Amino acid sequence: LDKAKRAEAELNRYLFYYSRWRSHMDSLKFEVQQAERVLEKISSLESVLQEYLADYQWLREGAAQLSSCRRILANSYIFAFFTLGQASMFADELTPATDEMNRNLFESKQQELEQAVESLSKLVEAPVEELVQDGSVAKVKQMVLDLTINVDQRSLNLCETAQHDILARFTSPQGIAPYAPQTQVVRRMAKQSLSSISGLPEVKRRRVGN
């Protein structure tokens with residue numbers, strides 16, 4: 001009976017992480033197609049507004065950031081499956097209290113990114129009619145710019161949490177591919193953060209799963 005219960009719990013755990021990974025991968029397929037829709041939307045905006053030398057790069061960059069974030073989120077559930085929980089591959093190195101702390105920290109960063117991504121997605125996918133209504137393009141532009149930086153920063157935070165707050169504490173140091181920020185603001189912040197820890201000794205890492 002105990003074996004059956006454990007098997008059921010392991011299956012439910014797998015299905016939990018798989019369903020969320022699958023959801024973000026499905027959304028990623030939509031985001032990849034978004035590039036073409038964004039070009040069509042920009043063409044419509046230029047036709048409707050007829051603003052001289054109007055720049056809609058913010059819309060392109062917002063759509064590109066969405067695709068990047070969807071990949072991060074999808075992979076974050078693979079990471080969580082293998083590193084969090086008493087059934088993870090590092091369970092023998094974790095006390096229940098430490099595992100709970102890791103899960104709470106990681107899931108908090110994960111949820112913050114998911115919420116910000118959904119907010120950005122709604123703006124990027126908004127119909128042209130909504131964008132031009134009552135001169136709201138300028139307002140939407142600022143919101144997209146702010147959220148693009150926001151999700152870029154949260155993606156960096158999630159990856160740094162995985163690397164520095166979770167993986168680095170294991171007996172055998174592990175490593176994930178570093179996140180490369182896409183916005184100038186976050187790149188500057190990341191560079192400053194890296195400079196502040198440049199004096200720390202380097203550790204040899206191996207990728208999770210290797």
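Me: Contact means heavy atoms within 4.5 Å. Leaving aside neighbours within four places in sequence, with which residues is Thr 148 in contact?

Reply: The model is predicted, so local features need pLDDT of at least 70 and side-chain atom pairs count only at pLDDT 80 or more, while totals for chains, interfaces and linings use all residues. Residues are numbered from 1 along each chain as its sequence is written, and side-chain values use heavy atoms, with hydrogens and water left out. Under the contact rule, Thr 148 meets Glu 61, Gly 62, Gln 65, Leu 120 and Thr 183.

Me: In which helix is Thr 148 found, and is Thr 148 buried or exposed?

Reply: Helices (H or I, at least four residues) and strands (E, at least two) are DSSP runs numbered from the N terminus. Thr 148 is found in helix H5. Buried means under 20% relative accessible area, exposed over 50%, and partly exposed in between (1.4 Å probe, protein chains only). Thr 148 counts as buried because its relative accessibility is 5%.

Me: Which backbone oxygen lies 2.7 Å from a polar atom of the Thr 148 side chain?

Reply: The oxygen belongs to Val 144. A polar contact is a pair of N or O atoms within 3.5 Å; within protein, one must be able to donate a hydrogen and the other to accept it, and residues adjacent in sequence count only if both atoms are side-chain atoms.

Me: What is the overall arrangement of the chain?

Reply: The chain has 6 helices and 2 strands, and along the sequence they follow the pattern α-α-α-α-α-β-α-β. Of its 210 residues, 36% are buried. Among contacts with a separation of 6 or more, 78% join residues 24 or more positions apart.

Me: Which residues touch the most other members of the largest nonpolar core?

Reply: In soluble globular proteins, nonpolar side chains tend to be buried together. A nonpolar core is a set of buried Ala, Val, Leu, Ile, Met, Phe, Trp, Tyr and Cys residues joined through side-chain atoms within 4.5 Å. Here the largest such core has 43 residues, and Leu 45, Trp 58, Phe 106, Leu 113, Val 117, Leu 120 and Val 151 touch the most other members. At least two core residues come from each of H1 (2-49), H2 (57-83), H3 (96-124), H4 (128-132), H5 (137-166) and H6 (184-196). Not counting residues up to four places away in sequence, Val 117 touches Leu 66, Cys 69, Arg 70, Leu 73 and Val 151. The buried residues of H3 include Phe 106, Leu 113, Val 117 and Leu 120, and also Asp 99, Asn 102, Gln 110 and Glu 114.

Me: How many aromatic pairs are there?

Reply: A pair of aromatic rings is described by the distance of the centres and the angle of the planes. Rings of Phe, Tyr and Trp (its six-membered ring) pair if their centres lie within 6.5 Å; planes under 30 degrees apart count as stacked, over 60 as edge-to-face and the rest as tilted. The count comes to 9 aromatic pairs. Tyr 14 and Tyr 18 are stacked, at 5.9 Å centre to centre and 20 degrees between the planes. Both lie in helix H1, 4 residues apart, about one turn of the helix. Phe 81 and Phe 82 are edge-to-face, at 5.2 Å and 85 degrees.

Me: Which residues form one aromatic cluster, and what sits over the ring of Phe 81?

Reply: The cluster consists of Tyr 14, Phe 16, Tyr 17, Tyr 18, Trp 21, Tyr 77, Phe 81 and Phe 82. A charge sits over a ring if NZ of Lys or CZ of Arg is within 6 Å of the ring centre and within 35 degrees of the ring normal. The charged end of Arg 13 sits over the Phe 81 ring, 4.5 Å from its centre. Phe 81 is partly exposed, with a relative accessible area of 22%.

Me: Where is Tyr 77 found, and is Tyr 77 buried or exposed?

Reply: Tyr 77 is found in helix H2 and is buried, with a relative accessible area of 6%. Not counting residues up to four places away in sequence, Tyr 77 touches Tyr 17, Arg 20, Trp 21, His 24, Gln 110 and Glu 114.
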